[in-house]
Amino acid sequence: MSKTNNIGIPTVEEIKQAQIDFSPRCTSAGRVNDKETQKMVDYILNFARKHSLFVLAYGTGCGAIEIPATMTSRYDAERFGIRGAATPRQADILLITGYLSTKTLKRVIRVYEQMQDPKYVIAFGSCTINGGMYFDSYNTIKALDRYLPVDVYIAGCMPRPESVIRGFVKLQELIQKGNAGNGECYRENLEWYRENQQKVIKNWDFPENYNW
Amino acid sequence: MNEIIIKIGGAFLTAILAFTVGMFYAGLRRKITARVQNRVGPPIYQNFLDLLKLQSKSTNVAHGFMGHMAPIWIIIAAMTVLMFIPVLQNNLWFDNLTLKGDLIFLLYMMVFGSLGMALGAGQTGNPNSAIGVTRGLSQMVGFEIPFVMALVALMLQFKTTSIADLMHFQSSTGHWIILENPFAFLAALLSSLGMFRYSPFDIVGAPAELASGPMSEFGGKYLGTMMTGGAVFAFIKLVLFVDLFLGGAGNNSVEGIVGTGLGLLELLIKTFLFYMIPVFIGLVSPRFRTEQAIQFFWKWPSFFGLIAIGWALYKNGALG
Amino acid sequence: MEILTSILLIFLIGAIITYFIDGISRKITGITAFIFSLIGAVVFFAKVQSGDTLKFQLGGIDLQWGLNDYSYYFVYIILGLGVLALLYSIKYMEGKARLGYFYGSFLLTLLGMLGVVISQDFVSLFIFWEIMTWASFLLIIYNAYYKVKTKGIKYMIFSAIGAYAMLTAIVFIKEHYGTFIISEAIEKGAFNFEQYIYIPVFLLLGFGIKAAVMPFHVWAPAAYSKSPMSFTTVFSGAMSKMGVFGIGLVFTSFYLNANPENFYWVKLILGWLGGITAVMGTIYALIQVDAKKLLAYSSIAQLGYIVVGLSTGTKLGVMAALYLAVLHAIFKGALFMVAGAVERQAGTTDMTKVSGLIRKMPWTFFVALISIIALAGIPPIGGFVGKWLLYEALITESNNYILVIVIFFSSTAAFLYSYRFLFGLFLGQEEKETENVKEAPVTMLIPMLILGVLALVTGSYPGLVFEPAAKAMQAIGFTDVSWQMSSLTNIWGNTTNLFLISMLIFAVFIIAFIFLTLKGLKKTRYVGTKEISTSGELPKEWENFTFQHDFFKPFERAAAPLYRMNMNKIWKDLGKNLEAFFGFFRKLYTGNGQTYALYVVIFLVLLLLFKDVIFS
């Protein structure tokens with residue numbers, strides 16, 4: 001909470017003074033693939049991964065109203081190989097469609113941890129970037145990538161299906177280059193993520209060891 | 001020695017053929033569904049990409065020993081049944097073990113895979129899986145009855161329980177069995193709708209209804225193997241139906257590779273045409289509840305089955 | 001030969017000694033019983049050949065004890081299962097009360113069954129039959145010390161009806177044909193269904209009640225599930241086969257004839273009774289919640305298959321029936337042992353209270369898995385061979401095609417309760433109450449594993465069972481029964497080669513197992529049953545995801561007309577009506593001396609009036 005202004009977001013000077021590091025640990029944008037050239041196997045596997053994306057059918061916020069429009073006949077997302085999956089065990093992509101209240105955040109974290117690598121998170125809407133319409137609410141989280149690693153952001157409130165498809169295509173480009181998929185990075189930086197998560201989630205009852 | 005090499009080579013060829021054609025048919029189904037719904041749809045080879053992606057998942061969640069056995073048993077069932085169905089008739093490479101097993105063995109072997117998946121789904125502990133399994137098994141009691149009636153009618157009419165003999169009859173007389181006993185074909189066709197588990201009988205693994213039923217806790221390589229097994233099984237059932245009723249494939253007098261190629265082409269055309277019936281019915285149908293599905297199979301399809309048995313006896317002269 | 005008498009004496013003395021040893025030291029009672037039965041079995045298989053006879057006279061009646069190939073076939077079941085069950089029950093019955101009574105009656109039951117099989121004349125058959133029934137009744141009420149009436153009385157009534165029907169038939173055989181010896185009676189045509197049709201019908205009634213044929217099966221569910229599990233192994237595995245033995249015996253003249261036209265109605269009625277038994281047993285097994293009752297109803301259904309096989313009268317059919325008899329003993333014996341092991345370790349077999357035991361009792365689960373696959377009749381395990389033979393017999397050789405559909409319906413519905421048994425006890429959610437359950441002790445595991453391995457082996461080499469079965473069939477009237485070690489053939493010439501099938505399955509299993517396991521082995525997370533995808537929720541301690549109630553509700557709703565036929569209700573109503581009818585007669589005994597004097601006077605008047613008719 002800020003002390004100098006009354007909109008609740010700390011200003012840059014306050015952050016520098018408090019020496020808090022809010023920069024996200026795991027992100028795909030700008031990540032340099034340390035393998036300079038990809039082997040043929042990686043090329044084929046990434047080709048398969050980018051053309052076959054199973055999206056978990058989980059609408060976390062009001063942005064989910066655009067998902068049926070994207071999946072159905074007019075804006076057909078299935079031509080990219082995108083289809084719905086029923087449970088996190090079968091899914092690759094977790095769509096955070098809009099605002100996340102702290103109550104939903106606890107469930108989303110568990111769902112994210114139940115998925116299998118390589119897994120991608122696509123964040124819809126402005127609420128995930130900086131709090132959006134609910135920036136001054138006591139109940140929502142303001143920046144998603146403090147709690148979960150995000151691959152692609154889609155700006156808008158809410159993004160139209162064309163934007164959604166543009167976001168998926170961006171994810172496909174990242175997958176082809178080998179830059180997407182932050183599950184391993186999440187596991188490595190687990191303490192940082194847990195610290196942030198426990199700051200906002202009040203009734204924390206996760207078991208000690210991460211084994212889902 | 002030469003024979004054994006040909007047999008094993010033929011087995012591998014058949015397996016690869018079943019796998020490839022099965023996956024392409026699944027992709028074709030998605031494409032046709034998309035076109036009917038006025039959209040573009042995924043490419044035909046989409047299922048191969050799905051399989052590759054699932055097999056290349058880098059972490060794995062295992063539920064226990066039976067969960068590990070489930071995809072293995074499905075593959076065992078698919079491969080074993082495949083070896084005993086004549087894919088092409090009188091062909092050196094695709095003959096496999098045709099003369100060593102008969103229809104009753106096939107009926108029971110097809111259940112082996114479902115049992116494996118049921119046990120694996122049970123061990124995960126998800127109640128949705130268990131509910132899906134019970135629905136699937138109950139539906140199986142439904143559609144097996146008219147199917148068995150059709151098969152018994154065929155066995156009575158032609159006095160044989162081996163598929164190779166039935167194909168031989170069709171190729172030697174030139175009549176397809178669909179003309180000899182049309183009621184058996186009707187009963188078998190209606191029960192095949194239940195076998196393929198497309199609408200209106202897809203309550204077993206419906207994603208919105210049951211969190212996809214038995215497959216809900218499987219991911220990664222298990223899901224990939226099960227999808228493969230499902231696709232191969234679809235192809236096997238299609239070949240079985242074509243062999244029994246539509247005259248089989250491969251009985252041409254052209255020698256060598258060209259003959260095999262022509263035979264495969266004929267098989268593909270016939271299975272594709274037969275496959276379109278469940279697919280199109282599935283596109284336009286809503287879903288039955290389980291008890292509605294079971295009772296559906298015990299009404300008209302069983303009626304046709306009984307008439308088929310009576311027709312077979314009449315043709316045989318037993319009824320006079 | 002005196003060896004037969006001495007074997008029976010071994011069992012009798014064993015029963016008496018075990019009964020008294022219990023008073024001395026309770027620990028060694030079970031071991032004593034097991035050792036006696038083992039000695040008896042070893043002596044039997046070493047010294048007794050088929051074809052031995054022993055004739056003697058007792059009180060003026062010629063008795064004859066002996067064995068032919070047909071009886072020898074059943075001795076395998078009795079002694080094999082009996083010895084394994086006694087080994088199992090050493091640990092199973094540990095710590096319970098009245099062990100001398102239990103083991104003494106157990107050995108007496110084995111004595112009775114052995115006596116039934118070696119009797120070659122009707123009097124000793126009847127004596128040993130009654131010994132068997134009484135001893136098993138004592139064991140059924142073992143668990144219900146103060147509630148004899150509710151638990152055991154149905155069994156006693158039905159067994160009594162059957163036994164008295166048999167006695168009537170035996171007396172009439174003596175009167176009409178002049179002999180008690182079975183083989184002579186068969187030669188004279190006692191079982192021909194031509195004259196005196198009630199003789200074979202009464203005998204069939206007696207044997208059929210023991211084989212739980214519809215509509216006399218109502219004693220079976222309660223009796224099988226309430227008696228101790230180590231006895232139910234023998235009860236359901238071996239004693240029901242005594243009924244099968246008898247039915248086969250009665251049908252010997254049927255099998256001897258080449259053209260049995262006057263057996264047409266018998267074939268039809270018995271076949272349909274067997275079919276209805278199979279269907280009713282199966283659909284009532286689906287809805288059970290207690291694992292023991294599920295197995296009991298399933299036994300009734302399997303016995304229905306055996307009766308159908310016997311009634312077809314053809315080589316394949318009777319071979320199917322005999323093969324299924326042995327295999328049913330193997331896998332049902334193993335399943336009842338599994339249920340007993342679960343009961344001992346976890347306390348109950350109620351599937352709503354106990355579930356998720358697969359990680360705690362893996363060997364028991366392995367035996368249960370193999371036995372259930374054998375029950376369902378899935379290749380490559382032995383039950384498939386029996387089903388194959390039965391279907392082929394019905395399709396190719398008999399002309400009762402609707403019966404094929406009925407049997408197939410029952411067999412498909414058997415998949416349902418097979419899955420229910422495995423899921424209810426071993427799979428599913430792991431409960432908190434069963435956290436401390438351990439694996440069954442070794443002496444209980446060994447008999448189960450032996451039976452499981454037998455079931456596995458007969459899947460690839462059914463010829464091991466075909467050989468004695470073919471000899472048995474030749475003893476009861478078939479000629480030239482052919483069989484092969486590893487492949488099955490029907491009369492139209494279609495074969496199924498089981499050895500190839502097993503090899504193929506094994507090869508594919510190895511390849512698929514290697515491929516699936518090695519892929520991604522290092523990065524595997526092993527999760528328990530609480531880590532399921534519950535829509536992101538973390539399940540609390542009190543949240544229960546067990547699904548055990550109303551397991552097959554959709555099937556119950558779909559097949560609702562089939563469930564309305566309840567044989568129990570029909571018998572109860574009959575019983576009540578008979579009570580009312582007899583209540584009328586009870587009123588004749590008024591207890592008043594003057595009424596009795598009136599009765600005497602009325603009787604003398606009637607005598608005087610009709611003296612010409614009566615004393616002419």
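Helices (H or I, at least four residues) and strands (E, at least two) are taken here as DSSP runs, numbered from the N terminus. The structure is a predicted model, in which local features need pLDDT of at least 70 and side-chain atom pairs count only at pLDDT 80 or more, while totals for chains, interfaces and linings use all residues. Residues are numbered from 1 along each chain as its sequence is written, and chains are lettered from A and ligands numbered from 1 in the order in which they are written.

On this basis chain A holds 8 helices and 5 strands, and their order along the sequence follows the pattern α-α-β-α-β-β-α-β-α-β-α-α-α. A residue is termed buried if 20 or more other C-beta atoms, placed from the backbone, lie within 10 Å of its own, exposed if 12 or fewer do, and partly exposed in between; by this count 45% of the 212 residues of chain A are buried. Two residues are said to be in contact if their C-beta atoms, placed from the backbone, lie within 7 Å. Among the contacts in chain A with a separation of 6 or more, 80% are made by residues 24 or more positions apart.

Strand E1 of chain A (residues 53-56) directs A:Leu53 and A:Val55 one way and A:Phe54 and A:Leu56 the other way, and all of these residues are buried. Two strands are regarded as paired if DSSP finds at least two bridges between them, and E1(A) is joined by 4 bridges to strand E2 of chain A (residues 82-85), with the two running parallel. Within this pairing, A:Arg83 in E2(A) is the residue opposite A:Phe54.

In chain B, helix H3 (residues 65-83) packs against helix H10 (residues 221-245) at an angle of about 20°, and the axes of the two helices are 9 Å apart. The axes are lines fitted to C-alpha atoms, for helices over the stretch in contact, and the angles run from 0 to 180 degrees between N-to-C directions. Angles under 35 degrees count as roughly parallel, over 145 as roughly antiparallel, 65 to 115 as roughly perpendicular and the rest as oblique; H3(B) and H10(B) are therefore roughly parallel to each other. Their crossing is left-handed, a term that applies if the near helix is turned anticlockwise from the far one by less than a right angle, with clockwise giving right-handed. The residues that H3(B) brings to this contact include B:Ala70, B:Ile74 and B:Leu82, and those of H10(B) include B:Tyr222, B:Gly229 and B:Ile236. The residues of the contact divide into 12 nonpolar, 2 polar and no charged, where Ala, Val, Leu, Ile, Met, Phe, Trp, Tyr, Cys and Pro count as nonpolar, Asp, Glu, Lys and Arg as charged, and the others, Gly among them, as polar.

The loop between helix H1 (2-36) and helix H2 (46-55) of chain B contains B:Gln37, which counts as partly exposed because it has 13 C-beta neighbours inside 10 Å. Although B:Gln37 and B:Leu283 are 246 residues apart along the chain, their C-alpha atoms are separated by 9.0 Å. B:Asn38 also has its place in the loop between H1 and H2 of chain B, and its phi is near 65°, a positive value in a residue other than glycine. With 10 other C-beta atoms within 10 Å, B:Asn38 is exposed.

Between chains C and B, 58 residues of chain C are in contact with 64 residues of chain B. Several elements of chain C each supply at least two residues of the side that touches chain B, among them helix H16 (383-397), helix H17 (401-425) and helix H20 (498-518). H17(C) gives the most to this side, with 12 residues, and the residues of the side divide into 39 nonpolar, 13 polar and 6 charged. Strand E1 of chain B (residues 60-62) pairs with E5(C) in the parallel sense over 3 bridges, and C:Thr524 in E5(C) is the bridge partner of B:Asn60.

Two cis peptide bonds may be described next. One joins A:Asp117 and A:Pro118, with omega about -15°, and A:Pro118 lies in the loop between helix H4 (102-114) and strand E4 (120-124) of chain A. In chain C, the peptide bond from C:Pro379 to C:Pro380 is cis, with omega near 5°.
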